[in-house]
Amino acid sequence: MSIFVEAFTHIAGRLRVPRVVITPHLMGRTVGPANDRDRQRTVVEAALSLLVDADKPESVERL
Amino acid sequence: MTDPQDPTAEPLTFRAFRESFYYGEHADMQYKFLAKLATLSDAQAADVVADILGEVGTALDTGDLRALHDRVQQAQVAAYADSAEPQVDDAPFTPFRGDLADARLLLLSAGGVFRRDDDPMGSDGPTQAESLSLIKEFLRGVPTLSAIPTDTTDSQLTARHPGYDATTAQRDPGTVFPLAVLRDLAAEGRVGLADTHYAFTGATSQSRLKKEVADAWAQQFVAEEVDGCLLVAT
């Protein structure tokens with residue numbers, strides 16, 4: 001599964017990655033803001049859930 | 001910096017000012033999107049800058065950065081909306097079977113993270129600031145993996161990347177390399193982890209990445225009995 005920032009949503013689409021979590025973060029902070037471990041954990045947990053739950057290619061989860 | 005006393009200096013246009021953030025005089029990966037606002041006229045781009053500065057003023061008064069964050073994020077989304085990237089023909093998919101706790105999950109980041117004692121460019125590798133002037137060399141180079149064992153702490157990591165401002169990842173590698181979070185989840189029995197994780201600098205030859213190394217990396221991960229990969233883009 002992959003994590004992309006919203007600015008690059010279209011790139012994830014063109015690359016047709018199997019599972020992608022789109023985050024509303026600034027570039028360079030894909031998983032979450034600096035020193036915000038809670039947010040980073042939320043994003044990683046979403047990616048892990050998508051790994052298990054996705055049943056088709058190009059599954060997208062927007063946070 | 002421009003010499004204000006230089007009588008021969010050309011007037012700086014707003015267009016030139018915008019473009020100077022993109023590997024120019026004011027090169028700054030935090031704000032290079034100002035040059036990428038290609039679909040906007042200078043007047044519209046000026047409105048974006050004015051809005052952001054207005055939010056800076058508000059944030060200084062209130063201490064609340066959310067509106068500022070959102071305005072910059074919206075500008076980044078607008079800036080890259082029309083960027084052309086290669087398109088692939090297939091959409092591979094493998095259902096995940098089993099229990100995450102029993103899996104061997106691997107973290108792979110394009111954020112240019114590496115161990116402080118294992119610089120992929122050698123012990124005298126360029127700083128983040130120096131890397132910006134080497135962007136063309138990076139984009140021609142062969143991508144290389146930096147191996148990062150599971151027990152590597154954030155304080156043992158640093159980052160370099162001429163495509164985004166990696167000083168953020170230097171402050172907190174978890175922004176693009178959430179190994180510490182994964183280790184927490186593993187300690188709670190939520191997920192199993194591979195022994196080694198990897199990062200590379202995404203600002204690299206995309207052709208070489210696809211044709212020369214991607215398949216070898218996949219085979220390497222298979223040999224390491226990895227069940228799944230968490231890929232982090234920047």
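Tutor: Let us begin with strand pairing: two strands pair if DSSP finds at least two bridges between them. Please keep in mind throughout that this is a predicted model.

Student: In which sense do strand β1 of chain A and β6(B) pair?

Tutor: They pair in the parallel sense, over 2 bridges, with β1 covering residues 2-5 of chain A. Within β6(B), B:Leu231 is the bridge partner of A:Ser2.

Student: How many residues of chain B are in contact with chain A?

Tutor: The size of an interface is often given as the accessible area lost when the parts come together. Here we count residues instead: 34 residues of chain B are in contact with 34 residues of chain A. On the chain B side, the elements giving two or more residues are α4 (66-80), α7 (167-171), α8 (179-187) and β6 (228-232). The largest share, 6 residues, comes from α4(B).

Student: What kinds of residue make up the side of chain B that touches chain A?

Tutor: That side divides into 20 nonpolar, 9 polar and 5 charged residues.

Student: Let us turn to chain A. How many helices and strands are there in chain A?

Tutor: Chain A has 2 helices and 3 strands, and from the N terminus on its elements run β-α-β-α-β. Its radius of gyration is 11 Å, close to the 11 Å that the globule rule gives for 63 residues, so chain A is as compact as a globular protein of that length. Of those 63 residues, 48% count as buried.

Student: Which residues of α2(A) are buried?

Tutor: A residue counts as buried if 20 or more other C-beta atoms lie within 10 Å of its own. In α2(A), this applies to A:Gln40, A:Val43, A:Val44, A:Ala47, A:Leu48, A:Leu50 and A:Leu51. Seen down the helix axis, the buried residues of α2(A) fall within an arc of 160°, so they line one face of the helix. The face turned away from that buried side carries the exposed residues A:Asp38 and A:Asp53.

Student: What covers the buried residues of α2(A)?

Tutor: The cover includes β1, β2 (19-23) and β3 (59-62) of chain A, together with α8 and β6 of chain B.

Student: Finally, what does the secondary structure of chain B come to?

Tutor: Chain B comes to 9 helices and 6 strands. Its C-alpha atoms fill a box of roughly 65 × 40 × 40 Å along the principal axes. Of the 234 residues of chain B, 30% count as buried.

Conventions
Residues numbered from 1 in each chain as written. Chains lettered and ligands numbered in written order. Predicted model: local features only at pLDDT ≥ 70, side-chain atom pairs only at ≥ 80, totals over all residues. Contact = placed C-beta atoms within 7 Å. Helix = DSSP H or I, 4+ residues; strand = E, 2+ residues; numbered from the N terminus. Nonpolar A, V, L, I, M, F, W, Y, C, P; charged D, E, K, R; others polar. Buried ≥ 20, exposed ≤ 12 C-beta atoms within 10 Å, placed from the backbone. Arc of directions from axis to C-beta. Rg over C-alpha atoms; globule rule 2.2 N^0.38 Å.
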